[in-house]
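Let's walk through this structure together, one group of side chains after another. Keep the viewer open as you read.

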Amino acid sequence: MATNSAVVVAVASAVILFAAPAAHAQGIVGERVVPTNQTVITGYGTVGYTALTEGSNQNSFTTSLSPIFLFQFQDRILFEAEFEFALTEGITETALEYAQIDVMLTDNITLVGGKFLIPFGVFGERLHPTWINKFPTAPPIFGHHVAAFGASPLLPIVSDIGFMARGMLRPGPFHVNLNAYVTQGASPEDPSEPIPELEFQASSSDNNTSKMFGGRIDLGLPPWVEANVSYLNGDYDDNNILDFTGWNVAAEFHATHFELRGEYVQTRQEIEVVSGFPTLVRDGFYAQAAYRYGRWEPVLRWTQVFDSELDGVLQDQGAWQAGFGLDYWLSSTVAVMAGFELNKEDGLELDNNRVVMHIAFGF
């Protein structure tokens with residue numbers, strides 16, 4: 001069973017590359033090589049239901065479709081793009097998740113350009129598709145398909161426009177992956193707010209001359225253990241003064257049918273006030289365990305967002321969520337998932353415990 005979002009792309013790419021030699025052989029005219037290409041359409045979709053178990057008992061159905069387009073030019077260049085179409089409360093939302101060109105300079109080095117999923121942590125880049133994420137919702141520390149939680153997400157699923165280089169080393173039984181990138185970076189959603197929310201819109205224009213730099217180091221002993229450390233930094237205001245920094249530490253362990261994973265995130269956002277530039281510090285983590293028994297897979301997830309501080313002064317109180325899920329796998333890429341979220345916010349009574357169910361399929 002697949003464990004990360006690169007599986008869909010990898011499988012489709014393998015189909016393309018398998019077919020490429022025969023097509024390439026037919027593309028030689030004299031000494032001139034005629035461009036050869038292959039195209040694959042893949043992706044995933046979801047039909048879901050969410051219901052609060054207390055308070056107003058609100059409930060709703062949702063559905064979404066995320067097609068992925070892959071275009072292989074000869075054996076060293078790949079174009080890939082993902083669109084998202086989601087229907088929620090009668091409103092259809094569309095988004096371009098990513099659109100990038102991957103140039104394989106060598107067998108171990110790849111150059112990426114365009115809009116891509118930022119390799120900050122693991123969940124956003126590898127696990128957020130609904131048929132790969134084993135719980136029906138994303139951990140509340142990430143702003144993706146999350147609602148009814150008492151603390152704001154620490155970061156969205158970050159995608160941005162820029163360039164990235166990936167390198168791979170395999171010393172002995174280990175593997176080491178290096179990812180480094182430069183992108184446009186974050187901008188304030190509403191600059192007039194005292195503490196503005198940040199967004200990564202990846203628009204064609206930037207609000208300042210600063211760029212965001214970051215990277216991730218992956219160290220793994222396949223197929224059992226992998227650990228990751230990520231970092232990003234950039235100015236987010238119009239005047240290149242206010243700084244935003246993020247750290248992420250992630251790890252996962254696999255043993256036969258058992259899986260354990262988790263991520264810790266810390267963000268540091270400078271704020272402009274009359275007396276100077278204090279820093280808002282926010283952090284949190286999630287840990288998730290799953291055990292596959294035949295077609296059934298129970299899942300447990302704990303998420304916590306800690307109290308946030310502005311130069312040592314309490315700013316917002318934290319919250320935690322306990323998630324209990326059960327998946328039934330119709331195939332390796334189609335699952336019926338059900339989950340119950342128990343939410344607890346410090347000093348608040350939001351009546352926001354809820355049941356979430358969906359059918360997720362990859363194709």
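**Charges, rings and a surface patch**

Glu297 has a relative accessibility of 1%, so Glu297 counts as buried; buried means under 20% relative accessible area, exposed over 50%, and partly exposed in between (1.4 Å probe, protein chains only). Before going further, please note that this is a predicted model, in which local features need pLDDT of at least 70 and side-chain atom pairs count only at pLDDT 80 or more, while totals for chains, interfaces and linings use all residues. Residues are numbered from 1 along each chain as its sequence is written, and side-chain values use heavy atoms, with hydrogens and water left out.

What does the side chain of Glu297 meet in a salt bridge? The partner is Lys134, at 2.9 Å from N to O; the term stands for a side-chain nitrogen of Lys or Arg within 4 Å of a carboxyl oxygen of Asp or Glu. This pair links distant parts of the chain, 163 residues apart: Lys134 is in the loop between helix H2 (123-127) and S8, and Glu297 is in strand S19. Helices (H or I, at least four residues) and strands (E, at least two) are DSSP runs, numbered from the N terminus. Lys134 is buried too, with 6% relative accessibility.

Strand S19 also holds Arg301, which is linked to Glu341 in strand S23 (residues 334-345), 40 residues apart. Other salt bridges share partners, joining Glu125, Arg126, Arg166, Arg216, Asp218 and Glu226 into one network. For a bridge with partly exposed ends, look at Asp206 and Lys211, which meet at 3.4 Å, N to O: Asp206 has a relative accessible area of 25% and Lys211 one of 33%. In the whole structure, a search finds 13 salt bridges.

Arg301 leads us on to the rings. Its charged end sits over the ring of Phe135, 4.2 Å from the ring centre (the criterion is NZ of Lys or CZ of Arg within 6 Å of the ring centre and within 35 degrees of the ring normal).

Aromatic pairs number ten in a search of the whole structure. Rings of Phe, Tyr and Trp (its six-membered ring) pair if their centres lie within 6.5 Å; planes under 30 degrees apart count as stacked, over 60 as edge-to-face and the rest as tilted. Phe142 and Tyr286 are edge-to-face because their planes stand at 75°, with ring centres 6.4 Å apart. Phe142 belongs to strand S8 (residues 142-143) and Tyr286 to strand S18 (residues 279-291), 144 residues apart. Phe142 is buried at 4% relative accessible area, and Tyr286 is buried at 3%. Together with Phe123, Phe142 and Tyr286 form one aromatic cluster.

Trp302 and Trp320 make a stacked pair, 4.8 Å centre to centre with 15° between the planes. Trp302 lies in strand S19 (residues 296-305) and Trp320 in strand S22 (residues 319-331), so the pair ties together parts 18 residues apart in sequence. Trp302 is partly exposed at 32%, as is Trp320 at 24%.

Finally, turn to Leu105, in the loop between strand S6 (91-104) and strand S7 (109-117). Leu105 is exposed, with a relative accessible area of 51%. Leaving aside neighbours within four places in sequence, Leu105 is in contact (heavy atoms within 4.5 Å) with Arg76 and Leu111.
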